[in-house]
Amino acid sequence: MPPILSVQDLKVQFKTETGYIYAVNDISFDLYPAETLTIVGESGAGKTVSMLALLGLIDPPGEINSGKVLFEGSDLLQLNPDDWQRVRGKKIALIQQDALAALNPVLTVGLQVSEALTVHEELSKREARERTIELLARVGISTPERQIERYPHQLSGGMRQRVTIAIALAAQPQILIADEPTTALDVTVQAEIIDLLLGLQKQLGMALIWITHDLGVVARVAQRVLVMYAGMIMEESRVLELFNAPRHPYTIGLLNARPRLDGAPGERLYSISGKPPALLEAPKGCPFIPRCPYASGRCRLEMPPLVEVAPRHFAACWEHRRFTPQEM
C-alpha cells in the first residue's frame, strides 16, 4: 500500500541574534492510509515544528531549508497560498495543544465552527448552523443548540478541546494531526478525548499523526512510533516492538523513566541524566552523546544513519547491536 503522505529530508531552521537554531534536521517518514503514527520525545525535540512545516505554517524567523512533503502527487512545500487554502484544514487538519489559545476569545463557538465549514464548502447560514450543531454533537458536546452561543472562556477545558476537534473535522480531512491534545486535561477527560479521536478516526477512515511525550498514550493509540531527539528521528518501529525491544539508548531511557505499578514505595523515578542540546550548532556526531552511557569515539565524529535493525524497525545508533529487551 503506498503512503498517503511522504516526508523526505525535511530541515527547518530559525534565525536568531546568536545564530541559527537547527530545529528539524533531515527527517524522513511515511504515513499510510488510516494509520495512527505517534511522534514521541522530550520538549524541544522538534515534534511540533516538523508538523507545522508540513502544513506550511513556518513563519519568519523560521525557514524550511530543504526537503519535500509529498501528498496526492504534489510537494506541499511548493504550494502557493491559494493551493494551501484547498489543502490546509480541508485535507490535512491540525488539533493544537492549547485549545484556549487556539480559539478566538471574542467569537462564539458556533461562529468558529461554522467558519471552518464555510471556508471549504458553499453553505447558507442555516445549513452552516445545522452542520455546526451536528459536528458538536458528534464530538460529544451535549445540548449543542445552546453551546453554539457560548464563548470559549465559558467552557471547560474538555469541552474546548472537543470544539477544536469539531473544527478540525469540519471538512472531513484525510489526515489529522493531533498535537498533544490531552496534555492540559485531567486523567478522566484525557481518556474521553483519546476514545473520541480514535472512534472518529475509525468512522472517517483518517490517517492520524499523534504528537506526545506520554508513552502511555503511545501504547494506547499507535500502530507505529517515531522517537525524535534534537530534531532527528532516533528510532522508528511498530509500537509493540518498540516497547519490547528498543534499539536506541534514548528510547531505552524514556521507557525506563515510566512510573511502574510494581515499584517500591518511595522509590525514586529513573531520569535520563543531562538535558537536550540547545541546537545552536548543527550536530556533527550523535546529539545524544553527552547523555549516553554507551557512546564511543565514532559517535562523536559521525552521526549514525537511520538503518533497519530488524524488519520494519529502524534505529540511528552505532551501538544498536548491544541492546536487547533484557537490558531494560
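Across which strands does helix α1 lie? In this predicted model, helix α1, formed by residues 47-54, lies across β1, β2 and β4 and runs at about 110° to β1. These strands belong to an open sheet of 4 strands, arranged in the order β2-β1-β4-β5 with antiparallel pairing. Its edges are formed by β2 (19-31) and β5 (74-75), each of which pairs on one side only. Within the sheet, strand β1 (residues 5-16) and strand β4 (residues 62-71) run antiparallel and are joined by 7 bridges. V7 stands opposite V69 in β4.

In strand β9 (residues 224-229), 6 of the 6 residues are buried, so the strand is largely enclosed by the rest of the structure. In a regular strand, side chains alternate between the two faces of the sheet. For β9, both faces are covered: R224, L226 and M228 are buried on one side, and V225, V227 and Y229 are buried on the other. Strand β3 (residues 36-40) runs parallel to β9 and is joined to it by 4 bridges; the bridge partner of L37 in β9 is R224. Strand β10 (residues 232-238), by contrast, runs antiparallel to β9, with 6 bridges between them, and here V225 stands opposite S237. The strands β9 and β10 form a hairpin with 2 residues between them, and A230 in the turn has a positive phi of about 55°.

The packing of two helices was also examined. Two packed helices are described by the angle between their axes and the distance between the axes. For helix α7 (residues 157-169) and α8, the axes come within 11 Å and cross at roughly 15°. Because angles under 35 degrees count as roughly parallel, α7 is roughly parallel to α8. The crossing in which α7 passes α8 is right-handed. On the α7 side, the contact is made by G158, Q161, R162, I165 and L169; on the α8 side, by V189, E192, I193, L196, L197, L200 and L204.

In soluble globular proteins, nonpolar side chains tend to be buried together. The largest nonpolar core in this model has 58 residues, of which L136, V163, I165, L176, W210, V218 and V225 touch the most other members. Helix α8 (residues 187-204) gives the most to this core, with 6 residues. Apart from this core lies another, of 34 residues, which includes L10, L31, A45 and I233. Leaving aside neighbours within four places in sequence, L176 is in contact with A93, I95, A168, L169, L197, M206, A207, L208 and I209.

Note on methods: Residues numbered from 1 in each chain as written. Predicted model: local features only at pLDDT ≥ 70, side-chain atom pairs only at ≥ 80, totals over all residues. Heavy atoms only, no water. Pairing = 2+ DSSP bridges. Contact = heavy atoms within 4.5 Å. Axes fitted to C-alpha atoms, helices over the stretch in contact; angles between N-to-C directions. Core = buried A, V, L, I, M, F, W, Y, C linked by side-chain atoms within 4.5 Å. Buried < 20%, exposed > 50% of the residue type's maximum accessible area, 1.4 Å probe, protein only. Parallel < 35°, antiparallel > 145°, perpendicular 65-115°, else oblique. Left-handed = near helix turned anticlockwise from the far one by under 90°.
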